[in-house]
Amino acid sequence: MRIGLLLNEPSGPEPLRDLADAIASAHADGFASAWLSHIFGLDAITALAVAGAATPGIELGTAVVPTYPRHPAALAQQAMTANAALDGRLALGIGLSHRLVIEDMYGYSFERPARHMAEYLDILLPAVRGEQVSYQGETLKADIRLTTPGAGLPVLVAALAPRMLKLAGSRAAGTVLWMTGPRTVAEHVAPALAAAAEEAGRDRPRIVCMLPVCVTDDPGAARARAEEIFAVYGQLPSYRAMLDREGAAGPGDVAIVGDEASVRAQIEELAETGVTDFGAALYSGRDRTRDLLRTLL
């Protein structure tokens with residue numbers, strides 16, 4: 001299992017310089033990948049292209065870019081351009097986002113999200129391969145061929161529900177997970193992805209699992225802190241469903257916390273469930289936690 005970092009979005013006066021420093025530090029420490037969320041701050045694709053170009057040898061991924069606000073061909077063009085700037089190191093993680101964001105903030109319909117993602121992939125996947133796209137769906141259409149450099153980048157789909165997992169396993173390079181614990185990965189995510197990939201005659205998909213991590217001698221306090229920081233994810237329906245599957249009351253229950261031996265064991269358990277890539281979200285006790293993670297590389 002490859003170990004990477006889910007980077008905190010910089011909040012200082014020079015966010016792109018801070019992000020570049022974080023990427024360089026992750027690479028210097030030997031982490032296999034660094035991931036950036038796309039919420040309401042930096043545009044993740046653009047930021048990674050600008051901040052990551054000077055640091056070779058580390059995969060840079062988006063976790064994840066919402067699909068609805070961007071036509072798939074436009075997203076393909078942007079991602080391919082960034083991939084060219086990064087010498088082929090971009091992993092494009094995409095996702096539906098949430099009804100609260102898509103309908104209430106952007107004003108798009110969130111009706112039948114799995115249909116939307118299926119049609120989105122019908123355009124996006126051939127587009128990022130540099131192929132001609134001639135497609136007419138119920139909600140999306142395209143007749144275009146991009147000549148953008150940087151073709152061939154992996155596309156990962158944030159998938160939690162059965163139909164989305166089938167799409168991720170049968171068509172994409174894999175999935176990006178958040179707030180999804182080991183039991184849910186082992187019993188729900190990994191089997192669904194594997195079955196979809198096998199049915200489609202494809203190789204084993206990647207499972208990029210991201211969770212909060214804190215090495216500490218006071219796990220109770222660390223879980224309480226995680227509950228506070230990540231509270232919103234216990235309320236969003238898609239993550240709430242995964243927490244319920246795990247038997248978790250809230251985000252603090254799926255955070256990986258404890259002393260060095262305990263955190264090591266919990267991360268190793270993720271590898272046994274089928275996780276191929278772990279993205280650690282350091283939220284407290286960062287120096288001690290990072291020291292432990294370096295021993296796993």
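**Fold, core and selected residues of the predicted chain**

Thr148 counts as buried, at 14% relative accessibility. Here buried means under 20% relative accessible area, exposed over 50%, and partly exposed in between, with a 1.4 Å probe and protein chains only. The model is predicted: local features need pLDDT of at least 70, side-chain atom pairs count only at pLDDT 80 or more, and totals for chains, interfaces and linings use all residues. Residues are numbered from 1 along each chain as its sequence is written, and side-chain values use heavy atoms, with hydrogens and water left out.

Thr148 sits in the loop between strand E7 (141–144) and strand E8 (155–157). Helices (H or I, at least four residues) and strands (E, at least two) are DSSP runs, numbered from the N terminus. Contact means heavy atoms within 4.5 Å. Beyond its neighbours within four places in sequence, Thr148 is in contact with Gln77, Met80 and Thr81.

The chain as a whole contains 11 helices and 12 strands. Its radius of gyration is 18 Å; a compact globule of 297 residues would have a value near 19 Å, so the two agree. This radius is taken over C-alpha atoms, and the globule rule is 2.2 Å times the number of residues to the power 0.38. Along the principal axes, the C-alpha atoms fill a box of roughly 60 × 40 × 40 Å. Of the 297 residues, 53% count as buried. Contacts between residues at least 6 apart in sequence were also examined: 73% of them join residues at least 24 apart.

The accessible surface of the chain is about 12600 Å². Carbon and sulfur atoms account for 51% of this surface. Accessible areas come from the Shrake-Rupley method with a 1.4 Å probe; for residues, only the protein chains shown count as cover. The chain carries 26 positive and 35 negative charges, and their mean positions are 5 Å apart. Lys and Arg count as positive and Asp and Glu as negative, while His and the chain ends are not counted. Each charge is placed at NZ of Lys, CZ of Arg, CG of Asp or CD of Glu.

In soluble globular proteins, nonpolar side chains tend to be buried together. In this chain, the largest nonpolar core has 102 residues. Such a core is a set of buried Ala, Val, Leu, Ile, Met, Phe, Trp, Tyr and Cys residues joined through side-chain atoms within 4.5 Å. Leu92, Ile94, Met117, Trp178 and Phe278 have the most contacts inside the largest core. Helix H5 (residues 113–128) gives the most to this core, with nine residues. Met117 is in contact with Thr67, Ile94, Gly95, Leu96, Val157, Met164 and Leu167, leaving aside neighbours within four places in sequence.

Leu282 belongs to strand E12 (residues 277–282). Leu282 is buried, with a relative accessible area of 8%. It touches Leu5, Asn8, Val213, Thr289, Arg290 and Leu293, not counting residues up to four places away in sequence. Leu282 and Phe31 are 251 residues apart in sequence, and their C-alpha atoms are 14 Å apart in space.

His98 occupies the loop between E5 and helix H4 (99–106). It is buried, at 15% relative accessibility. Not counting residues up to four places away in sequence, His98 touches Phe110, Leu236, Ser238 and Tyr239. One of these, Ser238, is 140 residues from His98 along the chain, with 7.9 Å between the C-alpha atoms.

Several backbone features were also noted. A cis peptide bond joins Ala63 and Val64, with omega about -5°. Val64 is in the loop between strand E3 (59–62) and strand E4 (65–66). Asp87 is a residue other than glycine with a positive phi, near 55°. This residue is in the loop between helix H3 (72–85) and strand E5 (90–95). Asp87 is exposed, with a relative accessible area of 66%. Met179 is not a glycine, yet has a positive phi of about 60°. Met179 is in the loop between strand E9 (174–178) and helix H7 (182–199). At 0% relative accessibility, Met179 counts as buried.

Glu228 lies in helix H8 (residues 219–229). At 55% relative accessibility, Glu228 counts as exposed. Glu228 and Leu7 are 221 residues apart in sequence and 19 Å apart in space, C-alpha to C-alpha.
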